[in-house]
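Q: I am new to this structure and would like to go through some of its details. Could we begin with how its helices meet?

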Amino acid sequence: MRDEQPTQVAPGAPSRSPQAAREAPAPAEAQGTSLADRIGMIVGGQFVNTLIVLVQGVVVVRLLGKAEYGVLAFATMLFMTGRDLAQLYLPESFLYFAPKLTRAELRGLVRQSMLLLLGLGALSALAFSAFALVPSVFLDGREGVMQLLLLIGLMSMIAYPASVFGPLFIATNNHRKSAGVALVVTLSNAAGAIGPAALGCSITWIVAAQCATQALRLWLSYRLYARLFQDVAAAPFPGGVKAQLAYALPLSVTRFAGLFNQKLDKVVIGIFFSAGLYAEFAVGAQELPLVSILAYSVASTMLPDLVARVESGRTPGEGARAAIDLWHSGIRKTTLIMLPVAAFLLLFAEPLMRTVYGDAYAGAAVPFRIYSALLPLRVTAYAIMLMAFGKTSMILRIQVLSMVFNAVANLVLLPTIGMVGAPLSAVLTQVLVISSTVAYIARFSGVGLRGVFPWGHYGRVAATAIAAAAPLTALLLTGAVDTRPALCLALGAPLYAGLYLVAARVTGVLAPEDRAFVARWLRLDPLRSRHG
């Protein structure tokens, strides 16, 4: 569907020449792979990888001591944050440039990108090495942080160049290769984490195993790439480094603002609190995969249709209203699942944490509840509508405003209420982002705040979810959570699901087509289907 949108050429970006049109890979549709098939491969692969990572996390938490896991979680967070910031959107630029290049020029872009990312990896390694000289500033002076910082510096030099190949395989319609490499790496990473932990090795061995996994990813990806381009000699990328950076750097600024808001709470906890407390926070702060798999996937796949409706209206107002109506249809579907899930998690946070991670992590229920309180708002990707209106500059403006608010909120709340100030600041920041985005959507669409969101349907579903949760408070008041958290969770989950479905049918929020929609997602049909 991306091909239906007008191509926007970044400053300095190469235009597609007639020769490139002849020599570039044929479009995916011409090669017999539908868009639905490609989305199914990627989303299905993400679902499997996410499931493996969740299981790996639970097992590692169970095997390691609390302080050890806190150090490992903090080191992993630093690596992922550095990776997302330092790569400067270079790997993702392949999705933009690949259709415009010949195979020889594309190979030149691969070589150029790998050299740039190797240099950025070396700079990251120097930064982590500098942090390793003052390890006492992290996790309340916890020992053993120095070795991990040096290892994640080495891992950065390996992982950054390897990140080129996933987007390259997707851009050249080799989605199975991309998903296959990701699965092999995820399984290897899980084995590298669980194996040393089960054998009683130190967490240094776990991070070393992760370095080896990144090396495997680089070797395997490069082998596949070399096989795909074995008959092609590299040619210079038109425009060189300047053209690639002209496209990537503006997007990197927006990414930086988003990452600042996502990671500030984690960095603050890592600096000012102990490894044990960070472990509780890391467990409780995990994002529910349902948000990205359901709410964001539904919204993002609508973007081409939203753009089409905006542009096909006889007047801007008519096009905007048509797009808003389509956006509402997605929100109505995701609301039916997200709101009851939020109500259940808010009620059963403690038995869930204790059952999954053990009694030592009962304190993780506090940050988990704080973050779960945001789920009722995360029923869609709100910025999708600003993208559809072509107002992407507003997204950056909102992110910068939220960065300032997040920093101030942490400065105010941390000294006042302690560790919970960091997650509370993060949640309040997201509320500000969502509220500002909705206000801009109302302004640009002309429908006003009353028409920008399906308030009536949302309110009825919220009332239904709360009504279904009310009888379960009696179960929690009996004290069963204190003595048998697993039994409490095992009884509460199916009981709540049944009460919600009955209440939804009585209140009429669950229409026949909605019941079919819920049933399909419970069976994971959209993730397994190759045809939509």
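Q: Which residues in α13 meet which residues in α23?
A: In this predicted model, the α13 side consists of Leu 336, Pro 340, Ala 343 and Phe 344. They meet Leu 489, Gly 492, Ala 493, Tyr 496 and Tyr 500 in α23. By class, that contact has 8 nonpolar residues, 1 polar residue and no charged ones.

Q: And at what angle do α13 and α23 pack?
A: The angle is about 140°, and the axes are 11 Å apart. Helix α13 covers residues 316–347, while α23 covers residues 485–507. Their crossing is right-handed.

Q: What about α13 and α20, at what angle do they pack?
A: Helix α20, residues 455–469, packs with α13 at an angle of about 30°, with the axes 9 Å apart. The crossing of α13 and α20 is right-handed.

Q: Which residues of α20 does α13 meet?
A: In α20 they are His 457, Tyr 458, Val 461, Ala 462, Ala 465 and Ala 469. The residues on the α13 side include Arg 332, Thr 335 and Leu 347. By class, the contact of α13 with α20 has 10 nonpolar, 2 polar and 1 charged residues.

Q: Changing topic: is Ile 434 buried or exposed?
A: Ile 434 counts as buried because its relative accessibility is 11%, which is under the 20% cut-off. Its place is in helix α18, residues 421–445.

Q: What does Ile 434 touch, leaving out residues up to four places away in sequence?
A: It touches Leu 377 and Tyr 382. Ile 434 and Leu 377 are 57 residues apart in sequence, and their C-alpha atoms are 7.9 Å apart in space.

Q: Now salt bridges: how many are found in the whole structure?
A: A search of the whole structure finds 7. One of them joins the side chains of Arg 255 and Glu 92, at 2.6 Å from N to O. This pair links distant parts of the chain, 163 residues apart: Arg 255 is in helix α10, and Glu 92 is in the loop between α3 and α4.

Q: Which residue forms a salt bridge with Glu 350?
A: Arg 354 does, with the closest N and O atoms 3.7 Å apart. Both residues lie in helix α14, 4 residues apart, about one turn of the helix. Glu 350 and Arg 354 are also linked with Asp 359 in a network of salt bridges.

Q: Why does Glu 350 count as partly exposed, and why does Arg 354 count as buried?
A: Glu 350 counts as partly exposed because its relative accessibility is 25%. Arg 354 counts as buried because its value is 11%.

Terms used
Residues are numbered from 1 along each chain as its sequence is written. This is a predicted model: local features need pLDDT of at least 70, side-chain atom pairs count only at pLDDT 80 or more; totals for chains, interfaces and linings use all residues. Side-chain values use heavy atoms; hydrogens and water are left out. Axes are lines fitted to C-alpha atoms, for helices over the stretch in contact, and angles run from 0 to 180 degrees between N-to-C directions. Helices (H or I, at least four residues) and strands (E, at least two) are DSSP runs, numbered from the N terminus. A crossing is left-handed if the near helix is turned anticlockwise from the far one by less than a right angle, and right-handed if clockwise. Contact means heavy atoms within 4.5 Å. Ala, Val, Leu, Ile, Met, Phe, Trp, Tyr, Cys and Pro count as nonpolar, Asp, Glu, Lys and Arg as charged, and the others, Gly among them, as polar. Buried means under 20% relative accessible area, exposed over 50%, partly exposed in between (1.4 Å probe, protein chains only). A salt bridge is a side-chain nitrogen of Lys or Arg within 4 Å of a carboxyl oxygen of Asp or Glu.
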